Structures are given as C-alpha cells and as structure tokens.
Amino acid sequence: ISNLASATINARLASVGHLLNWLGHRVPDWVTRPQKGRSLPKTLTYREMERLKEAAANSENPFANLVITLFLDTGIRVSELCALDRASVDIDDLSATVREGKGGKDRLVLFTNATVRAIEAYNQIRAMIIQKHTPVDEHRDALILNRMGRRLTPRAVQKLMDTMADEADIPRSKLSPHTLRHNFATDMLNAGADLKTLQELF
C-alpha cells in the first residue's frame with residue numbers, strides 16, 4: 001500500500017484496527033501511520049489584494065476599511081482585533097498592545113501610516129455612532145464599535161469578509177481573517193524578515 005495516499009492508508013489502518021479490536025486484538029506498536037502532508041496556506045493574489053483594498057475603502061460598512069487595513073498591516077488575529085481597546089493603540093508610536101493573545105501572552109504589533117489614516121477616518125464615524133447609541137461600560141473603550149455602539153464580534157467580522165469577498169470578486173472560501181494573516185506573513189518574508197522573527201510576532 002506504499003503507493004497510496006496518506007489519507008487512504010490511514011483509513012485502511014483504521015478499518016483494520018476496528019476489526020482487530022472486535023476480535024480482541026490490537027494493531028501492533030510497530031505499525032505507524034503516515035503523516036498527512038500539510039497544504040500551503042491560502043493567500044490572495046496581488047490583484048485580489050488590490051480589489052479587496054478598493055472594496056474596503058469604498059464600502060458602506062463603517063468599520064470595513066479599518067478592519068481590512070488592520071489585518072493586512074499587523075497580522076492580528078480576529079479575536080485580538082475585536083478585543084482591542086483605544087488605549088492599547090499608540091498612533092504616534094505606530095504600535096498596538098495585544099492583551100492576552102494566544103497562550104495568554106501580551107505582545108506588541110506594529111502598523112504603518114495606512115492604519116493611522118484608517119483609524120482617524122473611522123474615529124469620525126465612531127463619534128457619530130456614540131452620539132446615536134451611547135455604549136455601555138463594557139463596550140465604551142473598544143477601538144471598533146458596530147452600528148449599535150457595541151464591541152465588534154468575530155461573527156460580525158466573518159460576515160464582513162463574505163461581503164468584501166463579493167464586492168471584490170473573490171471566492172468567499174478564499175477570504176477570511178486567517179487568509180489575510182497569511183498574506184501579512186508572506187509580505188513580511190518577502191520584505192526580508194527572517195522566519196524566527198516572524199514566529200515571535202505571531
């Protein structure tokens with residue numbers, strides 16, 4: 001069976017294992033399952049990226065441009081983006097502190113003037129949202145609020161991804177916060193960042 005795909009071999013070994021268990025035996029320890037090959041992470045092409053940025057910049061969604069820009073500029077996770085507070089963002093220093101990210105660790109992410117411009121543009125919208133819907137205490141400090149004055153949620157971000165995919169003529173299955181995170185990593189490597197530095201950022 002060595003000429004078969006890893007998934008096929010594992011499926012057949014699983015069947016044999018069930019049969020042996022039923023007979024009161026078990027698969028010998030020396031039988032090892034082949035490791036499944038890891039596919040390369042999905043990333044957007046240059047043209048898809050340009051269409052996405054244009055769609056976000058022209059979107060009627062009040063937080064679309066800021067969300068897309070933050071993903072591409074920082075490689076931040078969706079949960080971390082939703083948890084960002086205004087006090088955690090230092091525009092002058094071009095950085096943001098992610099509190100209790102993966103593994104419960106804090107870390108610093110850097111961004112460019114593109115994020116500064118997106119934040120400044122969004123702050124005008126944010127002020128109008130607050131005038132219309134006064135946020136309760138648990139949402140008041142959030143960097144990004146939805147139309148109802150509440151902290152942004154991962155589900156809302158995923159719905160945004162679907163909308164942006166449609167408007168940018170990108171398959172919905174190809175656009176997600178994780179995809180944009182991989183685009184950020186690819187851009188960093190292309191810019192000369194070493195793998196160890198990138199792993200520390202992530």
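**View 1. Strands E2 and E3 run antiparallel and are joined by four bridges.** This is a predicted model, in which local features need pLDDT of at least 70, side-chain atom pairs count only at pLDDT 80 or more, and totals for chains, interfaces and linings use all residues. Residues are numbered from 1 along each chain as its sequence is written, and side-chain values use heavy atoms, with hydrogens and water left out. Two strands pair if DSSP finds at least two bridges between them. Strands (E, at least two residues) and helices (H or I, at least four) are DSSP runs, numbered from the N terminus. Find Thr-97 and look across to E3: Leu-108 stands opposite. Val-98 has Arg-107 of E3 as its bridge partner.

**View 2. Three strands make an open sheet in the order E1-E2-E3.** The pairing is antiparallel. E1 and E3 are the edge strands, each with a single partner, so one side of each has no neighbour in the sheet. Two bridges join E1 to E2. Here Val-89 stands opposite Ala-96 of E2. In a regular strand, side chains alternate between the two faces of the sheet.

View 3. Leu-94 sits in the loop between E1 (89-90) and E2. Look at its backbone: Leu-94 has a positive phi of about 55 degrees, although it is not a glycine. Most residues other than glycine have a negative phi. Is Leu-94 buried, partly exposed or exposed? Leu-94 is partly exposed, because its relative accessible area is 26%. The cut-offs are these: buried means under 20% relative accessible area, exposed means over 50%, and partly exposed lies in between (1.4 Å probe, protein chains only).

**View 4. Asp-169 also has a positive phi of about 55 degrees.** Asp-169 is not a glycine either. Its place is in the loop between H7 and helix H8 (177-190). Asp-169 is exposed, with a relative accessible area of 61%.

**View 5. Arg-77, Glu-80 and Arg-107 are linked in a network of salt bridges.** A salt bridge is a side-chain nitrogen of Lys or Arg within 4 Å of a carboxyl oxygen of Asp or Glu. Start with Glu-80 and Arg-77: their side chains meet at 3.0 Å, N to O. Both Glu-80 and Arg-77 are buried. Next, take Glu-80 and Arg-107: their closest N and O atoms are 2.7 Å apart.

**View 6. Arg-172 and Asp-166 form a salt bridge.** Their closest N and O atoms are 2.6 Å apart. Arg-172 is partly exposed, with a relative accessible area of 46%. Asp-166 is partly exposed as well, at 45%. How many salt bridges does the structure hold? The total is eight.

**View 7. Helices H2 and H3 cross at roughly 145 degrees.** Their axes come within 7 Å. Axes are lines fitted to C-alpha atoms, for helices over the stretch in contact, and angles run from 0 to 180 degrees between N-to-C directions. Contact means heavy atoms within 4.5 Å. H2 contributes Met-49, Leu-52, Lys-53, Ala-56 and Ala-57. H3 contributes Ala-64, Asn-65, Ile-68 and Leu-72. By class, this contact has seven nonpolar, one polar and one charged residues. Ala, Val, Leu, Ile, Met, Phe, Trp, Tyr, Cys and Pro count as nonpolar; Asp, Glu, Lys and Arg count as charged; the others, Gly among them, count as polar.

**View 8. The largest nonpolar core has 41 residues, and Val-67 and Ile-144 touch the most other members.** A nonpolar core is a set of buried Ala, Val, Leu, Ile, Met, Phe, Trp, Tyr and Cys residues joined through side-chain atoms within 4.5 Å. Elements that each supply at least two residues of this core include H2 (46-57), H3 (64-74), H4 (78-83), E2 (95-98), H5 (113-132) and H7 (154-167). Which element gives the largest share? H3 does, with seven residues. Now zoom in on Val-67. Leaving out residues up to four places away in sequence, Val-67 touches Leu-81, Ile-144, Leu-152, Val-157, Leu-160 and Met-161. In soluble globular proteins, nonpolar side chains tend to be buried together.
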